[in-house]
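Trainee: I should like to learn how to read a structure of this kind. Might we go through it together, one feature at a time?

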Amino acid sequence: MSAPKILATGRCLPERVVTNEELSRQVDTSDEWVFSRTGIHNRHFCTKESGLDLAVGAARQALERAGLGAEDVGVCLVATFSPDFASPSTACLLQKELGLKEDTVCFDLNAACAGFLYGMKTAHALLADAPRPHALVVGCEVISRVLDMTDRNTCVLFGDGAGAAVFRRDEEAVWHTVFGSRGDAESIMVEGPGPVRSTVHMDGKAVFRFAVEVVEKSIRQLLEAEGCGINDLDLVVCHQANARIIDFVAKKLGAREGLFYKNMDRYGNTSAASIPMALDELSQAGTLKPGMRVLTVGFGGGLTWAGALLKW
Ligand code: UT7
C-alpha cells in the first residue's frame, strides 16, 4: 500500500471580485437570499485571465513551494469541466508553459466537482511507473464562461479559480479512498461543446439531496476504514458548494465546531478547484501541519463523488 504525500500546494484566482450585491443588479436576487441559502458572499470571475493563466499560477506556486523544478515532474493532470479548449487539453498547455519534459504524462480529466480527488487517485496510480516520482494535479475552472447570467438559480452559485498540489508516492503511508458515480444527466448538465452556447443547468434540490447523502456515506466509509471517529480527525475539507450541505453533514455526524472547513463565502462554488484551493489556504495559514489526519470529499455533476483520508 502506498499513499500520495502532498509536498506543497498553490492557488490562483482571477482579479475581478463579483459581489452578491452586484449580481442583484442583474437578476432578481439579494445578498440576504444568496448568503442564507449558500454561505456565499463573493466569487471571482475571469475577465482577462484564461483557465491556463490560473492553472499556471497555481502550479508554479506549488512547484516553487515544493522546491521542485519542471524537470522533476512525471505526471501532470488538470481536472476541469470548463477548459479553454476541447483540445488541446489544459494539461498539455500547462506542460508547455512550465517546460515539463516531453515524456511527462499530461491530460485533462472531468469528474466535475469531484475532479481533483479523481485526479489525485489517477496521478498516484500513474506514478507507479512514471519517468519521475512527482505528480502535479491542478483543479482549474472558468465556470463564468458557461453561466447563463440571466438565470438566478445558477449564476449566483459559481466562481472561477485554480488550486494545485504537488505530491510523490510515499510507499510507507496508507490512505483510504472512496469513489462513485450515478450516470445522471438530469441533475446537473453543461451543454457543449457545440453550436449552442454552453450553459450550466442544475436541479438544485435534487443535487442537495444527493450531496448530503453521499458526503455523509463517504465520510462514514473512510472513518470505518481508518478505524477512528469523526472527532479524531484534524480537518475535514469538503467541496465548497453550499455551507448548508456541510453544516447538515457535520451535525449529523456529531462533529466538533470548526472541524469542517468553509471558504465559499469568498469564492463561491469553484468545482474541481475548490478542494485544492481550500487545502492551499489552510496550508498557507499554518492550520494544516505535518502528520495531521485530513479527510476530503468532493461531489458534483455526473453525478460523481470521491473521498480521501490522508496524512498531511
Ligand atoms: O457543485 C455541484 C454541486 N452542487 C450543489 O451542491 C448545489 C446543491 N443545491 C443547492 O445548493 C441549493 O439547492 C440551491 C442553493 C441551488 C438552491 O437553494 P434551495 O433552498 O434548494 O432553493 P430552491 O431552489 O428551492 O428555491 C427556493 C426559491 C424559489 O422560489 P419559489 O419557487 O419558492 O417562489 C426560487 O425561484 O428561491 C428562488 N430562488 C432565488 N431567489 C432569490 C432561486 N434562486 C434564487 C436567487 N435569488 N438567486
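Mentor: Let us begin with a term. A helix here is a DSSP run of H or I of at least four residues, and helices are numbered from the N terminus. Please note also that this is a predicted model.

Trainee: Which helix gives the most to the shell around the ligand?

Mentor: Helix 7 does, with 4 residues. At least two residues of the shell are also supplied by each of helix 2 (31-38), helix 6 (152-155) and helix 8 (243-252).

Trainee: How may one check the span of helix 7?

Mentor: One compares an expected span with the distance between the end C-alpha atoms. Helix 7 has 23 residues (204-226), so at 1.5 Å a residue it should span 33 Å; its end C-alpha atoms are 32 Å apart, which agrees. Just after helix 7, Gly227 takes a positive phi of about 70°.

Trainee: Which residues of helix 7 are buried?

Mentor: Buried means under 20% relative accessible area. Among the buried residues of helix 7 are Phe210, Glu216 and Leu223.

Trainee: Where does the ligand sit, and which residues come nearest?

Mentor: The ligand sits in the largest pocket. Of the 23 residues around the ligand, the nearest are Thr29, Arg37, Lys205, Asn242 and Asn269.

Trainee: What polar side-chain atoms lie by an oxygen atom of the ligand?

Mentor: A polar side-chain atom of Asn242 lies 2.7 Å from a ligand oxygen atom. For Arg37, a side-chain N or O atom is likewise 2.7 Å from an oxygen atom of the ligand, while for Arg244 the distance is 3.0 Å. The protein covers 76% of the 950 Å² of accessible area that the ligand has on its own.

Note on methods:
Residues numbered from 1 in each chain as written. Predicted model: local features only at pLDDT ≥ 70, side-chain atom pairs only at ≥ 80, totals over all residues. Heavy atoms only, no water. Expected span 1.5 Å × (residues − 1). Buried < 20%, exposed > 50% of the residue type's maximum accessible area, 1.4 Å probe, protein only. Near = heavy atom within 4 Å. Polar contact = N/O pair within 3.5 Å; in protein donor to acceptor, adjacent residues only side chain to side chain. Areas by Shrake-Rupley, 256 points an atom, 1.4 Å probe, with all protein chains shown as cover. 1 Å grid on protein atoms, 1.4 Å probe; cavity = no way out; pocket = protein on both sides within 12 Å on 5 of 7 lines; lining within 4 Å. Sits in = over half its atoms within 2 Å of the grid points.
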